[in-house]
Amino acid sequence: MFGHDIIVIGTSAGGLKALSKIVGNLPADLNAVIFIVQHIAPDKPSLLPSILEDVCDFPVTHPQDGEKFQKGRIYIAPPDHHLLVYQGQMRVVRGPQENRFRPAIDALFRSAARAYGPRVVGVVLTGYLDDGTVGLQAVKKRGGVAIVQDPHEAQYSSMPNSALRYASVDHCLCLAEIAELLVSLTKEPAAEEKTYPITQEIEFESNIAEQQMNTQQFLENVEKIGQRTTYSCPECNGSIWQIGDGDLLRFRCHIGHAFTANIFLSEQTKNIENTLWSAVRALEEKVTLSRQMAQRMKNINLSTVATKYENNAQKIDEEVSALRNLILTGFATKQNIFFKDEELEEGL
């Protein structure tokens, strides 16, 4: 029987130090393969493989699309690409962002859960917001093991706290204990895969992430796992479906963009601000044109008409000032609220 030999790790802010401590304490003969997603800037080269290789006894690389993976190696998602796990190989694709990220932790965890079920160990480390929670739920649905860094130790506790709140976590440990547990789990036999069948939700969302379907297939997949809402996708303005009915409210469009509720709210806030600034620009253009017309009317001695244009410009100018003040004071975007972890736990 196989042990828990497929290890997927997700982290964001503060992740370099956390990853270094874990992989630096793993033995060179570890009978497992490790896949890592860390949120990184899409337009800069990643130095993470070379940094981790300096502190561990494994080869560490950014994989190529379609590359076969080997045990005793660490594979890290390259910038601006999702890393997906298949039977024996990896996909590296520029699919739609999930929770504003590419690479996304959820996409990696979900794909590994689909491919290897109970053999998967999912690890969520330090980071902002809640990427990794949905992926860890998928790992658990397929009989895998869920590990979360102790939020009290994490440099940024939001990701670990979200995972603890919404996923059935098996172990909440400090970094020094996680490496030892991973070694132990590789030696324990995993449950039989047939005991934890692939859910429709995991299958269809994995298909969406792969981007290997036509338009009709996309729509059919998302219709089967969600309910259409009146919202529009903040990334592409497409239709949005609410996925599942669990405690963690989340959304997905048929293109493939995915959001948990907090991220969706944040994106709506950003779009409101962008829309308001566009309105300021349009109104300012109207002010400029009105004053240009007023001057032209003066030049041909149509003073009454010129005055009307000037008065119109003055009124619009006042509206622009009010709108600009609305934006600058944040009044129009005050709905961008992220409660502190202790507030959420009190039920706010």
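How many Å should the 12 residues of helix α6 span? Helix α6 covers residues 175–186, helices being DSSP runs of H or I with at least four residues and strands runs of E with at least two, numbered from the N terminus. The model is predicted, so local features need pLDDT of at least 70 and side-chain atom pairs pLDDT 80 or more, while totals for chains, interfaces and linings use all residues. Residues are numbered from 1 along each chain as its sequence is written, and side-chain values use heavy atoms, with hydrogens and water left out.

Several residues of α6 are buried, including Leu175, Ile178, Leu181, Leu182 and Leu185; buried means under 20% relative accessible area, exposed over 50% and partly exposed in between, with a 1.4 Å probe and protein chains only. The buried residues of α6 pack against β1, α1, β7, β8 and β9, contact meaning heavy atoms within 4.5 Å.

His4 sits in the segment before β1. At 7% relative accessibility, His4 counts as buried. Its side chain reaches the backbone oxygen of Pro118 at 2.9 Å. Leaving aside neighbours within four places in sequence, His4 is in contact with residues including Val121, Val145, Leu185 and Thr186.

Turning to the sheet, four strands form an open, antiparallel arrangement in the order β10-β11-β12-β13; two strands pair if DSSP finds at least two bridges between them. Strands β10 and β13 stand at the edges with a single partner strand each, so one side of each is left without a neighbour in the sheet. Neighbouring strands are turned by 30° against each other on average, direction ignored. Four bridges join β10 to β11, and Arg228 has Trp241 as its bridge partner in β11. Helix α9 lies across β10, β11, β12 and β13, running at about 105° to β13; axes are lines fitted to C-alpha atoms, for helices over the stretch in contact, and angles run from 0 to 180 degrees between N-to-C directions.

Notes. Expected span 1.5 Å × (residues − 1). Polar contact = N/O pair within 3.5 Å; in protein donor to acceptor, adjacent residues only side chain to side chain.
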